[in-house]
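Here is a short walk through one protein model. Keep the sequence and the 3D view side by side as you read.

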Amino acid sequence: MSATAENPPASATATATATATVTATATAVEERVTARVISDDPLYRKVPVALRFTAAEPLAVRIVFPADLSPEGTDNEWVFPRALLEAGLQAPTGTGDVRVWPCGRVQAVVEFHSPEGVAVVQFDIAALRRFLRRTYSPATR
């Protein structure tokens, strides 16, 4: 599933639990986290996810899922407003391809909608906040 969300409200199910790699350059931020894909299966699936931001697109963030989750065998990248991700950590937001809402005090859910279906991903709020904080660093402006 791959799409670009134009309107702020949206969701996907995955849970980010740990930061594996943090990269920052003068114009970009990348943070690798572990997320949980939520499904009907009683066991959840942990997946590595890359959170990306570039100064060239200051209003957008990207969430990139690994190629093995895609039927096409390519990375699955979702681009949506940074403000949507920020707002969704406080209250449910989104009405389009991507929706975000807090799930308790330490988790957030991001729901991704595409013609192929819906993916629900849960993340640790701390990982998302850390990433967002880094996107406002003077080094990325």
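**A guided walk through the fold**

Glu-116 sits in the loop between S8 and strand S9 (117-124). Strands here are DSSP runs of E with at least two residues, helices are runs of H or I with at least four, and both are numbered from the N terminus. Glu-116 counts as exposed because its relative accessibility is 58%. The cut-offs are these: buried is under 20% relative accessible area, exposed is over 50%, and partly exposed is in between, with a 1.4 Å probe and protein chains only. The side chain of Glu-116 also has a partner: a polar contact of 2.9 Å joins it to the side chain of Ser-114. A polar contact is a pair of N or O atoms within 3.5 Å; within protein, one must be able to donate a hydrogen and the other to accept it, and residues adjacent in sequence count only if both atoms are side-chain atoms.

A word on the source. This is a predicted model, in which local features need pLDDT of at least 70 and side-chain atom pairs count only at pLDDT 80 or more, while totals for chains, interfaces and linings use all residues. Residues are numbered from 1 along each chain as its sequence is written, and side-chain values use heavy atoms, with hydrogens and water left out.

Now step back to the whole chain. It has two helices and nine strands. From the N terminus on, the order is β-β-β-β-β-β-α-β-β-β-α. The protein chain has 141 residues, and 47% of them count as buried. Its accessible surface comes to about 7,000 Å², with 56% belonging to carbon and sulfur atoms. That area comes from the Shrake-Rupley method with a 1.4 Å probe; for residues, only the protein chains shown count as cover. Contact means heavy atoms within 4.5 Å. Among contacts with a separation of 6 or more, 50% are between residues 24 or more positions apart.

Next, go inside. The largest nonpolar core has 28 residues, and Val-49, Phe-112 and Phe-123 touch the most other members. Such a core is a set of buried Ala, Val, Leu, Ile, Met, Phe, Trp, Tyr and Cys residues joined through side-chain atoms within 4.5 Å. Which element gives the most to this core? Helix H2 (residues 125-135) does, with five residues. Beyond residues up to four places away in sequence, Val-49 touches several others, including Ile-63, Phe-65 and Phe-123.

Aromatic rings come next. The structure holds two aromatic pairs. Phe-65 and Phe-112 form an edge-to-face pair, 5.4 Å centre to centre with 90° between the planes. Phe-65 is in strand S5 and Phe-112 in strand S8 (residues 107-114), so this pair links distant parts of the chain, 47 residues apart. Phe-65 counts as buried because its relative accessibility is 6%. Phe-112 is buried too, with a relative accessible area of 1%. Trp-78 and Phe-112 form a tilted pair: 4.7 Å centre to centre, 50° between the planes. Trp-78 lies in strand S6 and Phe-112 in strand S8, so the pair ties together parts that are 34 residues apart in sequence. Phe-65, Trp-78 and Phe-112 form one aromatic cluster. Rings of Phe, Tyr and Trp (its six-membered ring) pair if their centres lie within 6.5 Å; planes under 30 degrees apart count as stacked, over 60 as edge-to-face and the rest as tilted.

Arg-82 lies over the face of Tyr-136, at 3.9 Å from the ring centre. To count, NZ of Lys or CZ of Arg must be within 6 Å of the ring centre and within 35 degrees of the ring normal.

Return to strand S8, where Gln-107 lies. Is Gln-107 buried or exposed? At 12% relative accessibility, Gln-107 counts as buried. Its side chain makes a polar contact of 2.7 Å with the side chain of Asp-124. Gln-107 is also one of the residues in contact with Ile-125, as are Leu-89 and Val-106. Ile-125 is found in helix H2 and counts as buried, at 3% relative accessibility.

Two more stops remain. Trp-101 is in strand S7 (residues 98-103) and counts as partly exposed, at 25% relative accessibility. Asp-68 is in the loop between strand S5 (60-65) and strand S6 (76-81). At 59% relative accessibility, Asp-68 counts as exposed.
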